[in-house]
Amino acid sequence: MKNLNIMVVGVGGQGTLLTSRIIGKTALNDGFDVKLSEVHGMAQRGGSVVTFVRFGEKVFEPVVEEGDVDVLIAFERLEALRYLHYLKKDGVLIVNDCRIDPMTVVTGVAKYPENILDEVSSKRKTVVIDGLDIAKKLGNSKVLNSVVLGASAKYIGFSEDEWLDVLTKTVPPKTIDINKQAFLAGKNGK
Amino acid sequence: MKDKIIMLGNEAIARGVYEAGVKVSSAYPGTPSTEISENLAKYPEVYCEWAPNEKVALEVAIGASYSGVRSLACMKHVGLNVASDPLYTFAYTGVNGGSVIVVADDPGLASSQNEQDTRMIARSAHVPVLEPSDSMEAKEFTKFAFELSEKYDTPVILRTTTKLSHSQGIVELCDRVEVEDKVYERNVKKHVMMPGSAIGRHLVVEDRENRMAIDGEKFPVNKVELSDTKIGFITSGIPYLYVKEAFPNASVLKLGLVNPLPKKLIDDFMSKVEKVYVVEELEPVIEEQVKSWGYTVIGKEIFTKQGEYSANLIKNAILGVKSQCEDRATVPARPPILCPGCPHRSVFSVLNSLKIHAAGDIGCYTLGAVAPLNVIDTTVCMGASISTLHGIEKAKGKDYIKNWVAVIGDSTFLHTGINSLVNMVYNKSTGTVLILDNRTTGMTGHQEHAATGKTLKGEETYAIDLANLCSSIGVPNVITIDAFDVDGLKKTIKESVASDVLTVIIAKAPCALLKGNKFPYVCKAESDKCKKCGMCLKIGCPAITKQDDGTIKIDETMCNGCGLCINYCKFNAINKVER
């Protein structure tokens with residue numbers, strides 16, 4: 001099989017790292033070669049954060065080149081637009097409908113672009129989810145990343161059991177049930 | 001079957017250290033090296049600690065090695081500058097138990113103040129360097145580094161870069177090998193580096209490096225992949241992966257030993273391949289040596305010395321094409337910022353309102369340099385804030401620094417700031433030093449330090465009292481204040497910069513990201529009271545944004561409840577509400 005290239009983007013602190021790690025572990029359990037590239041340190045402090053997950057028979061580079069991403073998972077609208085050009089023309093974007101103003105917008109130096117969802121949908125196949133709303137309905141806004149992961153799962157592959165197995169082993173023990181619910185809610189789009 | 005798991009490069013290095021039977025490790029946190037110690041701390045068989053700085057860490061490793069056990073020190077690239085004093089002489093004395101120094105370079109500056117190349121320091125210190133390409137190699141090369149160290153009686157550097165340290169790959173686990181302690185024997189000629197003995201050791205160093213350059217040909221860490229001999233690459237580390245991705249059919253000489261270079265291997269490769277490119281991030285260390293042997297290779301003529309490489313970058317440079325990316329959107333930048341509830345923001349908002357310049361240091365508070373806080377004027381290296389301010393005073397006189405302070409974090413202060421403060425006391429400074437005491441090493445992800453009361457292993461220990469420390473070295477005026485006491489800070493800072501008495505102000509409040517550190521309420525804006533003055537936006541809190549009608553909104557999921565914004569709203573339009 002050709003390598004599958006996944007890119008997870010968002011704002012530092014949104015949980016993008018955990019999401020990529022769960023994808024990576026699930027791919028490993030399925031017997032694939034896997035590489036993940038992460039961002040630590042200063043960039044994590046509210047900055048634009050990018051992680052890559054690649055899996056297949058043999059993976060060399062831990063990052064993915066522009067135009068080579070199969071699945072782009074964006075935790076925030078502006079970040080979806082920022083990295084959309086990494087996505088293949090026939091790739092799919094899963095975008096969490098959330099707006100976080102960067103400091104350049106807060107200070108008035110720049111304007112937050114309008115109609116991002118229209119723009120990205122016109123360029124690539126796009127799935128929009130209101131992850132925070134779903135997470136809040138479940139009673140914990142922190143499970144946002146499981147919701148987003150659930151929504152992305154069918155474009156990545158693997159069975160529901162495989163996903164839930166890794167999720168169970170990765171999230172804090174007290175939050176296993178709610179994270180499972182969040183994953184399923186994201187997967188079923190509710 | 002051996003266990004196969006997915007591991008961060010740094011985690012794999014820690015595993016290699018464990019499997020190699022290492023007994024002692026010392027380090028100071030620094031991106032991208034921090035997770036090595038954090039993971040090593042999970043193995044009860046290995047003693048590991050956070051040292052106050054990298055010089056101390058390496059000296060601890062040296063002591064452990066002399067005593068006969070395998071030892072480790074790890075640091076980021078700029079940490080090696082701090083540790084280079086012991087490093088250069090450790091190369092002379094050699095080891096007893098094997099000793100490895102892991103140094104993590106940061107091409108692309110993910111979280112650093114420069115892009116220096118550790119291989120340059122290693123060359124001048126005559127210390128061998130191994131460079132792995134992925135997590136599995138990171139573990140195996142670490143183990144091999146200890147073997148080399150003992151075989152050639154030398155410290156060995158394992159060089160990693162951000163992309164390796166912070167990428168995950170599959171690793172097969174092995175068991176730990178318990179290595180028997182070497183016998184300690186007093187050996188003045190080898191371990192006491194006074195001129196008489198060092199002269200002799202210098203010859204040993206040279207001989208060793210020559211031998212390793214010859215023996216290196218057989219080291220299993222080097223790999224020759226001959227295929228299409230029209231085009232070939234000499235490369236190492238992470239760039240090897242980019243080369244394989246970009247030119248899967250080319251011949252490759254992958255060097256695991258990057259100092260000294262295994263010359264015969266390179267001679268052989270050069271004789272078989274027509275056109276050879278040297279692909280290495282940062283400095284042309286391999287390239288210049290190969291060229292000095294009379295070979296024609298292509299390197300920095302087409303590849304940059306800056307940043308991280310990629311497969312496309314290599315392809316584009318060689319084929320002379322530009323990758324097409326017609327649909328890249330132009331969007332506002334999103335640089336990193338201080339978190340909601342960060343106590344540094346409170347201090348900076350006060351400095352900003354008093355129009356005070358700050359000589360800055362290394363930590364999250366460097367982010368106070370940018371809009372809207374615009375407080376930090378200088379950032380050079382760990383501890384430099386205090387000495388820089390002293391230098392300004394000595395150059396321009398005490399009145400010149402009446403609108404200046406030095407700003408430094410608690411961990412950075414203990415790292416090397418303390419030396420600079422001793423200098424201020426000794427040489428009659430009148431300046432004001434602000435220690436932003438957030439009870440942790442923040443930017444690298446919350447590591448303990450000598451003033452937190454906990455060790456790397458999580459054990460309780462004595463917590464150095466920063467105020468007492470400053471008083472005991474003779475600082476005449478030491479004030480401790482809550483970092484969120486905006487009015488108190490204003491008054492204290494104003495008075496101390498105006499006075500001619502050396503003052504340390506310890507602004508105390510825990511990092512907003514420390515566990516359990518959320519206030520029991522959130523801030524809420526009342527739009528009918530908001531006069532759209534924008535004062536609250538000047539503190540640069542990411543939870544506060546301006547709505548289309550000009551009134552402000554506070555994101556309740558982001559707000560930490562610190563209440564700093566309330567201090568800056570004259571119209572009582574922001575209130576605290578229960579979470």
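Start in chain B by selecting strand 6 (residues 129–130) and strand 12: they run antiparallel and are joined by 2 bridges. Within that pairing, Leu130(B) has Leu257(B) in strand 12 of chain B as its bridge partner. Everything on this tour belongs to a predicted model.

**The sheet in chain B**

**Two cis peptide bonds**

Stay with strand 12 and move on to the loop between it and helix 12 (263–272) of chain B, where Pro260(B) is found. The peptide bond from Asn259(B) to Pro260(B) is cis, with omega near -10°.

Next, select the loop between strand 2 (24–27) and helix 2 (34–40) of chain B, which holds Pro32(B). Here the peptide bond from Thr31(B) to Pro32(B) is cis, and its omega is near 5°.

**Domains of chain B**

Colour chain B by domain: domain 1 covers 4–218, domain 2 covers 223–319, domain 3 covers 343–508 and domain 4 covers 521–578.

**The interface with chain A**

Now show both chains and select the residues in contact: 50 in chain A and 56 in chain B. The size of an interface is often given as the accessible area lost when the parts come together. Chain A and chain B bury about 4,400 Å² between them, with 62% of it on carbon and sulfur atoms.

For the polar part, there are 16 residue pairs in polar contact across the interface of chain A and chain B, both residues being at pLDDT 80 or more. On the side of chain A that touches chain B, the elements giving two or more residues are helix 1 (16–29), strand 2 (33–37), strand 3 (48–56), helix 2 (77–83), helix 3 (103–106) and helix 5 (131–138) of chain A. Which of them gives the most? Strand 2 of chain A does, with 5 residues. By residue class, the side of chain A that touches chain B divides into 20 nonpolar, 11 polar and 19 charged residues.

Leu36(A) stands opposite Gln168(B), a residue of strand 8 of chain B.

For the charged contacts, the count between chain A and chain B is 4 salt bridges. To view a salt bridge, select Arg54(A) and Glu245(B), whose closest N and O atoms are 3.2 Å apart. Over all chains, the structure holds 46 salt bridges.

**Helix 4 of chain A**

Finish in chain A, at the loop between helix 3 and helix 4 (116–123), where Asn115(A) lies. Asn115(A) has phi near 55°, a positive value in a residue other than glycine.

Then select Glu119(A) and Lys123(A), which form a salt bridge with the closest N and O atoms 3.2 Å apart. How many residues apart are Glu119(A) and Lys123(A) in helix 4 of chain A? They are 4 residues apart, and therefore separated by about one helical turn.

Conventions:
Residues are numbered from 1 along each chain as its sequence is written. Chains are lettered from A and ligands numbered from 1 in the order in which they are written. This is a predicted model: local features need pLDDT of at least 70, side-chain atom pairs count only at pLDDT 80 or more; totals for chains, interfaces and linings use all residues. Side-chain values use heavy atoms; hydrogens and water are left out. Contact means heavy atoms within 4.5 Å. Buried area is the accessible area (1.4 Å probe) that two parts lose on being put together, summed over both. A salt bridge is a side-chain nitrogen of Lys or Arg within 4 Å of a carboxyl oxygen of Asp or Glu. A polar contact is a pair of N or O atoms within 3.5 Å; within protein, one must be able to donate a hydrogen and the other to accept it, and residues adjacent in sequence count only if both atoms are side-chain atoms. Ala, Val, Leu, Ile, Met, Phe, Trp, Tyr, Cys and Pro count as nonpolar, Asp, Glu, Lys and Arg as charged, and the others, Gly among them, as polar. Two strands pair if DSSP finds at least two bridges between them. Domain bounds come from an automatic or database domain assignment.
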